[in-house]
Amino acid sequence: DLHRECIGYNPCKNLEVNHKEYLDILREARKVDGVKKVFVRSGLRYDYIMYDKNKEFFEELVKHHISGQLKVAPEHTSAEVLNLMRKPSFEHFIAFEKQFRHINQQAGLNQQLIPYFISSHPGCTLQNMAELAVSTKKMRFQLEQVQDFTPTPMTLATEMYYTGIHPYTQQKISTAKTLQQKTDQRNFFFWYKNECKAAIIRCLKQIGRTDLLSKIYPR
């Protein structure tokens, strides 16, 4: 069943979004004598937060429960790759980041959003990574929290990695597997490092996307 999950690239109509119980716990924790701060460090689905029409949780999270940095995992910018990952559209992250900055400004805070991305996922191409570089540069992110895809037992991604086929659609899925292929994809995370520039330019020429050169390396 391609639509067996309530929260994936697109939420299903049965998804109920409510942070009330979680917010009540955080509020009670803040009241405990001797407790100065209660920090939430990870485990947040930013798309789920954006689906919540009541913005109280997001506002209190930013104002009271971040130690200076909030880590979230958009994982990629490409719609095609995110769909294979069963992750939400990158548009949700763009909206999340914008609202995060807005709440910080209102509260007089200067906290950082640290996004996590992954390369070489089944179905991810050099073009997808080049577009990721353009998108993240536009958002002024110099990425550090990144990882190459690593097969994990009992996952859909690993089945696609080893078989080259999406088991639900029978679609053929290509995957970067050699060290050179993985390195070429990973370099696009680090467009801001001089040591990666030559390799990135080579790859853009290789895939016929020299039009992106001016966006990554404007003269």
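I began with what covers the buried residues of α8, and the cover includes β2 (112-119), α6 (126-138), β3 (146-148) and α9. Contact here means heavy atoms within 4.5 Å. Buried means under 20% relative accessible area, exposed means over 50%, and partly exposed lies in between (1.4 Å probe, protein chains only). Helices (H or I, at least four residues) and strands (E, at least two) are DSSP runs, numbered from the N terminus.

I noted the conditions next. This is a predicted model, in which local features need pLDDT of at least 70, side-chain atom pairs count only at pLDDT 80 or more, and totals for chains, interfaces and linings use all residues. Residues are numbered from 1 along each chain as its sequence is written, and side-chain values use heavy atoms, with hydrogens and water left out.

**Entry: confidence and overall layout**

I looked up pLDDT, the predictor's confidence in each residue, from 0 to 100. The protein has a mean of 93, and 96% of its residues reach 70 or more. Confidence is lowest in helix α2 (residues 46-51), with a mean of 92, and highest in helix α8 (residues 179-187), at 98.

I found 10 helices and three strands in the protein. Their order along the sequence is α-α-α-β-α-α-β-α-β-α-α-α-α. The C-alpha trace spans about 60 × 45 × 30 Å along its principal axes. The protein has 219 residues, of which 43% count as buried. Of the contacts between residues at least 6 apart in sequence, 71% join residues at least 24 apart.

**Entry: helix α8 and its neighbour α9**

I listed the buried residues of α8: K182, D184, Q185 and N187. I then checked how α8 meets helix α9 (residues 194-206); their axes come within 9 Å and cross at roughly 105°. Axes are lines fitted to C-alpha atoms, for helices over the stretch in contact, and angles run from 0 to 180 degrees between N-to-C directions. The two helices, α8 and α9, are therefore roughly perpendicular to each other. Angles of 65 to 115 degrees carry that label, while under 35 degrees counts as roughly parallel, over 145 as roughly antiparallel, and the rest as oblique.

On the α8 side, Q180, D184 and N187 make the contact, and on the α9 side C196, A199, I200, R202 and C203 do. By class, I have four nonpolar, two polar and two charged residues in this contact of α8 with α9. Ala, Val, Leu, Ile, Met, Phe, Trp, Tyr, Cys and Pro count as nonpolar, Asp, Glu, Lys and Arg as charged, and the others, Gly among them, as polar.

**Entry: salt bridges**

I searched the whole structure for salt bridges and got 12. The criterion is a side-chain nitrogen of Lys or Arg within 4 Å of a carboxyl oxygen of Asp or Glu. In general, side chains of opposite charge can pair when their charged atoms come close.

One of them joins the side chains of R27 and E56, at 3.8 Å from N to O. This pair links distant parts of the chain, with R27 in helix α1 (residues 20-31) and E56 in helix α3 (residues 56-64), 29 residues apart. R27 counts as partly exposed because its relative accessibility is 25%, and E56 is also partly exposed, at 40%.

I then looked at E60 and R30, whose side chains meet in a salt bridge at 3.1 Å, N to O. E60 lies in helix α3 and R30 in helix α1, so this pair ties together parts that are 30 residues apart in sequence. E60 is buried, at 15%, whereas R30 is partly exposed, at 30%.

A further salt bridge is formed by the side chains of E75 and K87, at 3.6 Å, N to O. E75 is in strand β1 (residues 69-75) and K87 is in the loop between α4 (79-85) and α5 (90-107), so parts 12 residues apart in sequence are tied together. E75 is buried, with 14%, and K87 is partly exposed, with 24%.

**Entry: two loop residues**

I located T175 in the loop between α7 (156-163) and α8. T175 counts as buried because its relative accessibility is 16%. Leaving out residues up to four places away in sequence, T175 touches S120, P122, G123, M160, Y161 and Q181.

I placed G108 in the loop between α5 and β2. G108 is exposed, at 66% relative accessible area.
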